[in-house]
Amino acid sequence: MRILLDKFSKSFGAVKVIEDMTLEVRDGEMLALLGPSGCGKSTTLFAICGIHRVTGGRILFGDRDVSNVPSQQRNVGVVFQSYALYPHMTVAQNIGFPLQVKGQSTAEIRRQVDGIAELVHIEELMSRRPAELSGGQQQRVALARALIRKPDVLLLDEPLANLDAKLRLEMRSEIRRLQLETGITAILVTHDQVEAMSMCDRIAIMDAGEIIQIATPTEMYHNPRTQFVAGFLGNPPIAFLHGTASEGAFELTKSDLKIPLQRSLPGKISRLTLGIRPEDFGPSGDIVIPGKVAFVETQGRENLYDVRLPDGSVLRSIQPVRSDVSVGQEVRWAADSSKVMVFAEDGTRL
Amino acid sequence: MAAQVQLSSNFRIWPVVVALAIVSAPLVLMYAYLFVDTVTDSAAGSLIPNELTLRHWDFLWQTRSGKPSIWLVALNTLVFATSTTLIVLAVSSTAGYVLSRLNVPGRGFFLAGVMVLHAFPSVTLIIAIFLVLQMVGLYNSLVGVILVKAALDMPLGIWLMKGFYDTVPWEIEMAGITDGASRFTVWRRLVLPQVMPALAALGLFAFLSGWSEYILPQVLAPASSVQVLSVYLAGLIADDNNFDLNLFKAVGVFYIIPVLILFVFFQRHLMNIYGGGSKG
């Protein structure tokens, strides 16, 4: 089902968390709300599921305006960060609870619980209690409980934050598989760009209560609208150089390094920031930037090199492991001018 | 070397045992003679039991003149303690939840009020309560004294339950609500089970407190038809003409037996009340 936030606002007392936010989640799509802590992404999620009352604007599920519909009647499935399983109930009772509340017959509940348990692969855990489950299993139970009502929208609040690295990888693809198999519209709230990029069809990146950009992961990675977006996506992160613009070139602060710019700049812009991703800086390229290797981080298949420039700023370069470069060595690596991103002083991309 | 794995104490055991024995000997002796004196007839001051007799326990099968039957008194005590417990539990489990979770008007005022009431010495109110009960016609009735006792025990119960509700994660309630349950169902089916150990312990406390209550029944319900055990017991030593210490002790033992039984069964819950209630 299509979810539409129409000029949605939310404030707590005098504190305005979100103002006039408009966001459309398409039918059957999985959308990530990505942003740093405190950007309002969880507030948005809680408003959609009805736990927070909206201060202004409308929330539409399909054509139905649910802005003032109590949470119980919204038909949303929520997976909380802590899973919020009911500790005193068995797995089967946990999953069946939403149906039991609806007053369905025991046989019908049993049938549906068994069906969903098969879907999320927890058939053999049905008589255990949450305390006897591992983190990944609890996650699956929480998903099953959220899905059993066949909700209009599945809301996931940092679902992977409490899992260890290996389980996280597993549940990432597992959640995506469930979403694709059931065809449900889903919203994933996360502060982890890797999760957002790997699981979702589109990403809405938020900062300070505002949506900065909505795009597919690939589009957002290669074509960020602002410096904030560019800095948020990518691991290892993009490196920024600060300097001034003079005669169609970028001049690094406190050095004589000049980098010619591809495009002419509009009007009288003086201060600039360049963004160069680690994979775009290396042995080949058309802009040579000399520097000294300050740090080498071994990652197994690749090495990450920190290269210190004359002004003290650091560029990162990720390359297949090579043994001819060590810390302290002077290198003359280069960047690809077509991939260098240019940002104005206020962070907008030029 | 396997024996090394066991924890070895870094001090000698026997001095501790001796010290504890010396300190607790008076208590143990008191309890021992409380019981011994009910089945013997030793002279005052003598520590050696002289005979075995059930004479002092005859209050169980024959009612003394001017006194109510012990079984009626025991029944009164049971009704008194059970009723106050049920009222305290019903009010504390609901009011505690409201104060902990619901956004009701005057919440801060009620919280502070409960705290003040809890700290308030209830004996100071007893004259006023006496007058009120007389005016509404509940003086010398079990109902009246039950209501008063429950009201005085409630602040502690409410405060305690509020504290336990505070430890239940909000997410459980949010999950219940998004699962379609009404706020009442959420409380009854999801939150209340999390605080069950606390409720059990509070119930036990309330029962014991009711069982041993003396001042309120003595002042508000002294008539023999509504007497409770503590008042009955006090009547025995207040009676200068038939002064029978061994009878007094026998009734005393009779009085504490139910308490001991309760302790054996509910020990675990009692220990739990300071342990934080629900496990995460």
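# Briefing: a predicted two-chain model

Chain B is divided into domain 1 (11-53) and domain 2 (61-272); such bounds come from an automatic or database domain assignment. This is a predicted model: local features need pLDDT of at least 70, side-chain atom pairs count only at pLDDT 80 or more, and totals for chains, interfaces and linings use all residues. Residues are numbered from 1 along each chain as its sequence is written, while chains are lettered from A and ligands numbered from 1 in the order in which they are written.

**Domains**

- In chain B, the centres of domain 1 and domain 2 are 33 Å apart, taken over C-alpha atoms.
- Contact between them involves 4 residues of domain 1 of chain B and 5 residues of domain 2 of chain B. Two residues are in contact if their C-beta atoms, placed from the backbone, lie within 7 Å.
- The side of domain 1 of chain B that touches domain 2 of chain B has 2 nonpolar, 1 polar and 1 charged residues. Here Ala, Val, Leu, Ile, Met, Phe, Trp, Tyr, Cys and Pro count as nonpolar, Asp, Glu, Lys and Arg as charged, and the others, Gly among them, as polar.
- Chain A is divided into domain 1 (3-227) and domain 2 (239-344). Their centres, taken over C-alpha atoms, are separated by 39 Å.

**Chain A at a glance**

- Chain A has 8 helices and 20 strands. Helices (H or I, at least four residues) and strands (E, at least two) are DSSP runs, numbered from the N terminus.
- The C-alpha trace of chain A spans about 80 × 45 × 30 Å along its principal axes.
- Chain A has 350 residues, and 39% of them count as buried. A residue is buried if 20 or more other C-beta atoms lie within 10 Å of its own, exposed if 12 or fewer, and partly exposed in between, with C-beta atoms placed from the backbone.
- Among contacts in chain A with a separation of 6 or more, 65% join residues 24 or more positions apart.

**Core**

- The largest nonpolar core has 147 residues. A nonpolar core is a set of buried Ala, Val, Leu, Ile, Met, Phe, Trp, Tyr and Cys residues joined through C-beta atoms within 7 Å.
- Helix α5 (residues 142-166) of chain B gives the most to this core, with 12 residues.
- Ala32(A), Ile48(A), Ala144(A), Leu155(A), Ile187(A) and Leu188(A) have the most contacts inside the core.
- Beyond its neighbours within four places in sequence, Leu155(A) touches Leu45(A), Ile48(A), Cys49(A), Val76(A), Gly77(A), Val78(A) and Ile187(A).
- In soluble globular proteins, nonpolar side chains tend to be buried together.

**Where the chains meet**

- Chain A brings 17 residues to the contact, and chain B brings 16 residues.
- On the side of chain A that touches chain B, β6 (76-79) and α2 (91-102) of chain A each give two or more residues. The largest share, 4 residues, comes from α2(A).
- By class, that side of chain A has 11 nonpolar, 4 polar and 2 charged residues.

**Strands of chain A**

- An open sheet of 5 strands runs in the order β13-β12-β11-β14-β20 (chain A), with antiparallel pairing. Two strands pair if DSSP finds at least two bridges between them.
- β13 (258-260) and β20 (341-344) of chain A stand at the edges with a single partner strand each, so one side of each has no neighbour in the sheet.
- Strand β12 (residues 249-252) of chain A is joined to β13(A) by 3 bridges. Glu251(A) stands opposite Lys258(A) in β13(A).
- Elsewhere, 5 bridges join the antiparallel strands β1 (residues 3-12) and β4 (residues 56-61) of chain A. Leu4(A) stands opposite Leu60(A) in β4(A).
- Leu60(A) also has Asp65(A) in β5(A) as a bridge partner.
- β4(A) and β5(A) form a hairpin with 2 residues between them, and Gly62(A) in the turn has a positive phi of about 65°.

**Backbone details**

- A cis peptide bond joins Asn235(A) and Pro236(A), with omega of about -5°. Pro236(A) is in the loop between α8 (227-232) and β11 (239-246) of chain A.
- Lys150(A) is not a glycine, but has a positive phi of about 50°. Lys150(A) is exposed, with 12 other C-beta atoms within 10 Å.
- Ala208(A), also not a glycine, has a positive phi of about 50°. Ala208(A) lies in the loop between β9 (202-207) and β10 (210-215) of chain A.
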